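The sequence and structure come first, followed by notes grouped by topic.

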Amino acid sequence: IAARVEARPHVPYYESRLTLLLRSALGGGSRTSVVICCHKEASHGDETLQALSFGERCAMVTNRAVAAMAASGTNALAAIDAALHECAGQLRGLEQRGKGDL
C-alpha cells in the first residue's frame with residue numbers, strides 16, 4: 001500500500017498473499033472498497049490498530065479508472081492472449097523463487 005501511495009515504480013505485490021490477491025484492485029483502473037473490521041475489546045487492540053492503519057493507507061491510494069475498449073474482436077483476443085502469456089511468466093517466476101504456493 002505504501003508503494004502505491006508514494007507512487008513508487010515498483011510495487012512488491014508478491015511479499016504477502018493479501019497484496020497478491022489485491023494486485024488488480026490496488027493498481028490499475030479499478031474502483032476498490034476496503035472494509036475494515038475492528039473489535040472494541042482491549043484484548044484485540046493491537047489488531048484493531050493495525051487494521052485501522054491499513055485502512056488509512058488504503059484510503060490514500062488513488063487510481064484513475066479508464067474504460068478499456070478493444071477496436072475489434074481480433075484486438076480483444078490478442079490482448080487476452082498477451083495477458084495470459086504475462087500471467088504464465090509471472091507464475092514461472094514465482095515457482096522459481098519457491099513461492100508457487102501463493
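A residue is called buried when its relative accessible area is under 20%, exposed when it is over 50%, and partly exposed in between, with a 1.4 Å probe and protein chains only. The model is predicted, so local features need pLDDT of at least 70 and side-chain atom pairs count only at pLDDT 80 or more, while totals for chains, interfaces and linings use all residues. Residues are numbered from 1 along each chain as its sequence is written, and side-chain values use heavy atoms, with hydrogens and water left out.

**Overall make-up**

- The chain has five helices and zero strands, where helices (H or I, at least four residues) and strands (E, at least two) are DSSP runs numbered from the N terminus.
- In sequence order the pattern is α-α-α-α-α.
- The chain has 102 residues, and 14% of them count as buried.
- Of the contacts (heavy atoms within 4.5 Å) between residues at least 6 apart in sequence, 52% join residues at least 24 apart.

**Helix H4**

- Helix H4 covers residues 45–59, and its 15 residues should span 21 Å at 1.5 Å a residue, which agrees with the 21 Å between its end C-alpha atoms; the expected span is 1.5 Å times one less than the number of residues.
- Thr48, Ala51, Phe54, Gly55 and Cys58 are the buried residues of H4.
- They lie on the same side of H4, because they cover an arc of only 125° around the axis, the arc being that of the directions from the helix axis to the C-beta atoms.
- Asp46, Leu49, Gln50 and Glu56 are exposed on the other side of H4.

- Thr48 counts as buried because its relative accessibility is 11%.
- Leaving aside residues up to four places away in sequence, Thr48 touches Cys38 and His39.
- The Thr48 side chain reaches the backbone nitrogen of His39 at 3.2 Å.

**Helix H5**

- Helix H5 (residues 73–96) has 24 residues and reaches 35 Å from its first C-alpha to its last, close to the expected 34 Å.
- Gly98 follows H5 and has a positive phi, near 80°.

**Leu22**

- Leu22 sits in the loop between helix H2 (17–21) and helix H3 (23–26).
- Leu22 counts as partly exposed because its relative accessibility is 24%.
- Leu22 and Thr32 are ten residues apart along the chain, and their C-alpha atoms are separated by 9.3 Å.

Terms used: Polar contact = N/O pair within 3.5 Å; in protein donor to acceptor, adjacent residues only side chain to side chain.
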